[in-house]
Amino acid sequence: MATQTAGIRGIVSAAKQRFSVTLDSLGIPGAGHRRRAALTEQHRLSFDLLCKAMDDPALAAVLDTYESDVPLDKQRQFLFANALYVNNLYFYRIGALTRAELYGHLRVMCRNKVFREYWEATRHHRKSLPETSEEYILGRMMDDLIHDLDDADTDEWWVVGEPPEESA
């Protein structure tokens with residue numbers, strides 16, 4: 001009897017695994033959970049690496065790919081600005097923020113002089129992104145937002161720009 005039970009468990013386990021693979025290939029909700037889990041792990045690792053670089057000048061030097069000399073303190077600020085930006089993108093990608101909410105968070109970040117310097121210093125980083133990629137589209141949204149804020153003749157920065165419509 002124990003052998004039969006173990007055999008049945010093995011069959012059920014194999015069936016569950018095949019079903020899970022099928023769901024992944026069809027893009028059914030279980031796959032979304034696994035995608036969010038993978039994004040979470042990737043975000044955690046990326047954040048840990050950024051934190052190490054902010055704490056250690058020798059490691060920060062590895063991430064110094066700016067087109068001009070950037071002093072160490074400014075590099076650390078840029079790494080932190082990058083961490084804030086990526087954090088907002090992460091929340092958007094896992095569905096914790098809508099695109100309009102992301103836009104609102106980015107609009108606040110664009111008010112900061114150091115963040116603006118970071119964004120300009122990393123402009124060349126975004127040039128290699130495919131124009132169809134989500135990261136390119138969101139970067140373009142940020143560029144447009146900064147342009148709108150620069151051109152606005154109002155002190156009410158929180159109403160500047162047109163939040164994007166949600167895609168279906």
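Axes here are lines fitted to C-alpha atoms, for helices over the stretch in contact, and angles run from 0 to 180 degrees between N-to-C directions. Keep that in mind for the helix pairs below. The model is predicted, so local features need pLDDT of at least 70, side-chain atom pairs count only at pLDDT 80 or more, and totals for chains, interfaces and linings use all residues. Residues are numbered from 1 along each chain as its sequence is written, and side-chain values use heavy atoms, with hydrogens and water left out.

Start with the whole chain. It holds eight helices and zero strands. Helices (H or I, at least four residues) and strands (E, at least two) are DSSP runs, numbered from the N terminus. Read from that end, the elements run α-α-α-α-α-α-α-α. The chain has 168 residues, and 26% of them count as buried. Buried means under 20% relative accessible area, exposed means over 50%, and partly exposed lies in between (1.4 Å probe, protein chains only). The accessible surface comes to about 11,300 Å². Carbon and sulfur atoms hold 56% of that surface. These areas come from the Shrake-Rupley method with a 1.4 Å probe; for residues, only the protein chains shown count as cover.

Now look at who touches whom. Contact means heavy atoms within 4.5 Å. Take the contacts with a separation of 6 or more: 62% of them join residues 24 or more positions apart.

Next comes the interior. A nonpolar core is a set of buried Ala, Val, Leu, Ile, Met, Phe, Trp, Tyr and Cys residues joined through side-chain atoms within 4.5 Å. The largest such core has 22 residues. Tyr85, Leu106, Phe115 and Met142 touch the most other members. Elements giving two or more residues to this core are α4 (72–93), α5 (99–109), α6 (113–121) and α8 (134–151). The largest share, six residues, comes from α8. A second, separate core has six residues, including Met54, Ala60, Leu79 and Ala83.

Which helix holds Met142? Met142 lies in α8. Its relative accessible area is 0%, so Met142 is buried. Leaving aside neighbours within four places in sequence, Met142 is in contact with Tyr85, Leu106, Cys110, Phe115 and Trp119. Tyr103 is 39 residues from Met142 in sequence. In space, the two are 8.0 Å apart, C-alpha to C-alpha.

Turn to the helix pairs. First, α4 and α5. They pack at an angle of about 170 degrees, with their axes 9 Å apart. That angle makes α4 roughly antiparallel to α5. Angles under 35 degrees count as roughly parallel, over 145 as roughly antiparallel, 65 to 115 as roughly perpendicular and the rest as oblique. The crossing of α4 and α5 is right-handed. A crossing is left-handed if the near helix is turned anticlockwise from the far one by less than a right angle, and right-handed if clockwise. On the α4 side, the contact is made by Ala81, Leu84, Tyr85, Asn88, Leu89 and Tyr92. On the α5 side, the residues are Arg99, Leu102, His105, Leu106 and Met109.

Then follow α5 to α8. Their axes come within 11 Å and cross at roughly 50 degrees. At that angle, α5 is oblique to α8. This crossing is right-handed. Residues of α5 in the contact include Leu102, Tyr103 and Leu106. Those of α8 include Ile137, Leu138, Met141, Met142 and Leu145.

Now α6 and α8. The axes come within 12 Å and cross at roughly 130 degrees. That makes α6 oblique to α8. Here the crossing is left-handed. Phe115, Arg116 and Trp119 make the contact from α6. From α8 come Gly139, Met142, Asp143, Ile146, Leu149 and Asp150.

Is His43 buried or exposed? His43 counts as buried because its relative accessibility is 12%. His43 touches Val86, Asn87 and Tyr90, not counting residues up to four places away in sequence. His33 is also found in α2. At 52% relative accessibility, His33 counts as exposed. His33 and Ile94 are 61 residues apart in sequence, yet 9.3 Å apart in space, C-alpha to C-alpha.
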